[in-house]
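Subject: Structure handover

Hi,

Here is the structure I promised to pass on. Please open it alongside this note; what I found follows below.

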Amino acid sequence: MPTSSLHVLKGINLDIEKGELVSFMGSSGSGKSTLLNILGILDDYDSGEYFLNNTFIKNLSQTQAAHYRNRFLGFVFQSFNLLPFKNAMENVALPLYYQNVRRKERNKIALEYLDKVGLLNWAEHTPAEMSGGQKQRVAIARSLISNPKVILADEPTGALDSQTSLEVMNLLKEINKTGITMIIVTHENEIAQMTNRIIRLKDGLII
Amino acid sequence: MFDLDKWQEIYLTMRKHMLRTVLTAFGVFWGIFMLVLLLGAGRGLENGVKSMFGNLAKNSMFVWGRKTAIPYKGIKAGKTVYFTNEDLKSIKKEIPEVLHLAGGTALTGDYIVSYKTNNGSFPVGGDMPEMNDVRGLLIPEGRFINQIDINEKRKVAVLGPRVVEVLFGKEDPIGKYIKIKGVFFQVVGVFYIDNAEGRNEVEKIYIPLSTLQHVFNAPNRISSFSLAPHEQYDPEEVEKKVKLHLANRHKVSPEDRSAISAWNSGRESKRVQGLFTGITIFVWFVSVGTIIAGIVGVGNIMLIIVKERTKEIGIRKALGATPGSIISLIVQESIVITSVSGYIGLVAGVGILELIKYSMKASQVKNPYFDNPEIDITIALIATVILVVTGALAGLFPAMRAASINPIEALKDE
């Protein structure tokens, strides 16, 4: 993919300050997913510069990228992406596994975070036994557990009804208030309106 | 480094995916299990056939005279060839390749053998001490015919187990006198024969050749030679030489194939050896096939597992898993499954072989075609290791690919 010279992003100049609550908006093909992938160190870029927490991010090895993702970033996805064979607590604890935190210790921490999203009583349940909103809250708890600098949320409310969407957005906003930078990708105006800054993308440019 | 946490993670993943774990495990188990049984059965077959040859001296042969089929030097066809004591001496002198040589003949006509009121009809052979070097009888009691018996034409007899049974029952036969065709012989030994080929061998009575020739009016008669060549000579060559030598002495055409016959264990064992080679090749062919089937099975399942786990891998990567940790997770899981189930297959296979061995022993079954099934444990272990390694490799390549793909792509995989 990167070898073909298809320019998806054609010059993005963007500063997101620590603690900001930002949303990206744009139709499909606007480049918002590519931008998110670059910000999330899931994809590399051809030219330009990207600093995350004052660290220059480019041409990282897979292992380095994994390390930065683990330490700096939290992800929230539209389809939750919980591991179906693990219960809520184990799902939340998973990022700590990759920080070599002992099982007992990380499960204890996971319970704290589940408590924060109001799902302490659901710790032993598997994702299949939960509603969409509950699953997204588990995913949010998981994104928080590694104490990230930035949370990247890709259509976090895309699979939820409007009432639940509202709850999830409120939760994300609360988290933002603790000082964690929040970047939300959405195509819903209502959701974007709840953020402090809307960045609209079209054909790889900010408009 | 032993990482308990990692093993816990592997154990939990395996337990949560019972079906695929069991399927993979069964493929490996079955491959190893069948391999062990096959190799064991092949070995059992080999041992069985080998034991049929018993104590027969390696490369032993028997030569006997029959009727001529070709007229030669003015003598019409149809003459019966009888050997003589002079033939014996002449072979000893002229053919140095022969290590052991014994002449023998059988008592002919109608006669009975009796002890007190018991009697029976048994083949009686006049033989020489060297005969035992060729045939390899077991003498559990007493002795075989010796040179003094021959020299002094002693009236002594060595009995087969069946003869003892009929004439003596539970009585000890050694030192007793039996009557053969009206003549008393003292029993000096009882022989036992491993893997006797039929009644003839267990019913036999041996007496000294010289005694038979003298007492039963068969002067200078030898009807067959038992002989064994020195090991460095080709038994078939020696057989040809002996036959030609005898043919010359008896004015038999060298082209006459039916006049002088021979049974050569070298030739027989060559044939059997060929059979073994065939069996071995077959067993290995099937074994390798089984292993390949196992490898393909394990490889297939590992491919499916990795495919199935693409999304999981994507999630793990997004959460900070390094490619190395992804690969080692999958490979270690596959190694655990294959080695544990391979070991179980090994144990089960060896267990069944031992069970067969035990029950054959317990019921005293002596099957000439199957005996003592066993397996070379090294081969079984190597096969297990091969399966484990291939299982790991089969997991490794797709795992490497999966670990290197973009997590976002993996996450899109529904």
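This is a predicted model: local features need pLDDT of at least 70, side-chain atom pairs count only at pLDDT 80 or more; totals for chains, interfaces and linings use all residues.

The crossing of α1(B) and α12(B) is right-handed.

Which residues make the contact between α1(B) and α12(B)? From α1(B), they are B:I10, B:T13 and B:M14. From α12(B), they are B:L329, B:Q332, B:E333, B:V336 and B:I337. By class, that contact has 5 nonpolar, 2 polar and 1 charged residues.

**Where the chains meet**

Chain B gives 21 residues to the contact with chain A, and chain A gives 20. On the chain B side, the elements giving two or more residues are α1, α11 (310-318), α12 and α14 (407-412).

**Strands around β9 in chain B**

Strand β9(B) spans residues 183-192. Here are its pairings.

- β6(B), residues 138-142, runs antiparallel to β9(B), with 3 bridges. B:L138 stands opposite B:Y192.
- β7(B), residues 156-159, runs parallel to β9(B), with 4 bridges. B:A157 has B:V187 as its bridge partner.
- β8(B), residues 177-180, pairs with β9(B) in the antiparallel sense, over 4 bridges. B:I180 stands opposite B:V183.

β8(B) and β9(B) form a hairpin with 2 residues between the strands. In that hairpin, B:K181 takes a positive phi near 50°.

**Chain A overall**

How many helices and strands does chain A have? There are 7 helices and 8 strands. Chain A has 207 residues, and buried residues make up 43% of them. Now the contacts in chain A with a separation of 6 or more: residues 24 or more positions apart account for 72% of these.

**The sheet in chain A**

In chain A, 6 strands form an open sheet with mixed pairing. The order is β4-β5-β6-β1-β7-β8. The edge strands are β4 (73-76) and β8 (205-206) of chain A, each pairing on one side only. Further in, β1(A) (residues 21-25) and β6(A) (residues 181-186) run parallel, joined by 5 bridges. A:V22 stands opposite A:I183 in β6(A).

Helix α5(A) lies across β4 and β5 (150-154) of chain A. The helix runs at about 170° to β4(A).

**Helix packing in chain A**

α5(A) also packs with another helix. Its partner is α6(A), residues 162-177; α5(A) itself covers residues 132-144. The angle is about 15°, with the axes 10 Å apart. α5(A) and α6(A) are therefore roughly parallel to each other. Their crossing is right-handed.

On the α5(A) side, the contact residues are A:G132, A:G133, A:Q136, A:R137, A:I140 and A:L144. They meet A:T164, A:E167, A:V168, A:L171, A:L172 and A:I175 in α6(A). By class, this contact has 6 nonpolar, 4 polar and 2 charged residues.

Best wishes

Technical notes:
Residues are numbered from 1 along each chain as its sequence is written. Chains are lettered from A and ligands numbered from 1 in the order in which they are written. A crossing is left-handed if the near helix is turned anticlockwise from the far one by less than a right angle, and right-handed if clockwise. Two residues are in contact if their C-beta atoms, placed from the backbone, lie within 7 Å. Ala, Val, Leu, Ile, Met, Phe, Trp, Tyr, Cys and Pro count as nonpolar, Asp, Glu, Lys and Arg as charged, and the others, Gly among them, as polar. A residue is buried if 20 or more other C-beta atoms lie within 10 Å of its own, exposed if 12 or fewer, and partly exposed in between; C-beta atoms are placed from the backbone. Two strands pair if DSSP finds at least two bridges between them. Axes are lines fitted to C-alpha atoms, for helices over the stretch in contact, and angles run from 0 to 180 degrees between N-to-C directions. Angles under 35 degrees count as roughly parallel, over 145 as roughly antiparallel, 65 to 115 as roughly perpendicular and the rest as oblique.
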